[in-house]
Amino acid sequence: MHRAFSILIFNSKGELLVQKRAKNKYHSRGLWANSCCGHQKENERLVEAAHRRLIEEMGFDCALKEIFSFSYRVKFANGLIENEIDHVFVGKYDDRIESNKEEIEDYKWVSLDELKKDVKKNPKKYAYWFKLILRIFNFNK
């Protein structure tokens with residue numbers, strides 16, 4: 001089991017920034033996921049890692065607040081097993097995005113209602129942990 005983090009970035013309209021993972025990712029490639037995610041490096045604080053990855057993946061930084069954590073274990077089709085404690089951070093951002101094409105194939109802002117409907121209709125388009133986050137997250141925040 002290892003520590004990970006997931007970031008949910010909202011704009012002033014209440015839309016969530018979601019990303020489509022690049023096709024070169026070692027798992028969950030080409031799937032839609034939360035705004036950013038990753039793992040901390042040795043001797044790096046979790047919140048520092050979250051800010052680092054937000055800059056590396058999306059090209060911006062903003063204030064982040066940890067809102068909950070959960071654990072999960074899943075075996076992917078390629079044989080990889082993720083066994084994580086995932087710390088979920090939330091932030092707000094309304095400015096320019098310069099996504100890293102090595103990390104992200106695409107991104108978009110989406111309303112939570114639209115997202116919930118699409119996840120229900122097309123669950124295979126979304127990363128495993130992101131679907132868990134959406135089930136846990138209080139959509140009224």
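This is a predicted model: local features need pLDDT of at least 70, side-chain atom pairs count only at pLDDT 80 or more; totals for chains, interfaces and linings use all residues.
**Notebook: pocket and aromatic contacts**

Two or more lining residues come from each of strand 1 (2-10), strand 4 (36-38), helix 1 (46-58) and strand 6 (81-92).

Next I searched the whole structure for aromatic pairs and found five. I looked at Phe-60 and Tyr-93, whose rings are stacked with 3.6 Å from centre to centre and 5 degrees between the planes. This pair joins distant parts of the chain, since Phe-60 sits in the loop between helix 1 and strand 5 (64-75), while Tyr-93 sits 33 residues away in the loop between strand 6 and strand 7 (104-110). I checked accessibility for both partners: Phe-60 has a relative accessible area of 4% and is buried, and Tyr-93, at 13%, is also buried.

I went on to Tyr-126 and Phe-130, an aromatic pair that is tilted, with 6.2 Å centre to centre and 35 degrees between the planes. Tyr-126 counts as buried at 5% relative accessibility, and Phe-130 counts as buried because its relative accessibility is 0%, under the 20% cut-off.

I also noted a cluster in which ring pairs link Phe-68, Phe-70, Tyr-72 and Tyr-128. Last, I looked for a charge over a ring and recorded Lys-108, which lies over the face of Trp-32 at 4.6 Å from the ring centre.

Key:
Residues are numbered from 1 along each chain as its sequence is written. Side-chain values use heavy atoms; hydrogens and water are left out. Helices (H or I, at least four residues) and strands (E, at least two) are DSSP runs, numbered from the N terminus. Rings of Phe, Tyr and Trp (its six-membered ring) pair if their centres lie within 6.5 Å; planes under 30 degrees apart count as stacked, over 60 as edge-to-face and the rest as tilted. Buried means under 20% relative accessible area, exposed over 50%, partly exposed in between (1.4 Å probe, protein chains only). A charge sits over a ring if NZ of Lys or CZ of Arg is within 6 Å of the ring centre and within 35 degrees of the ring normal.
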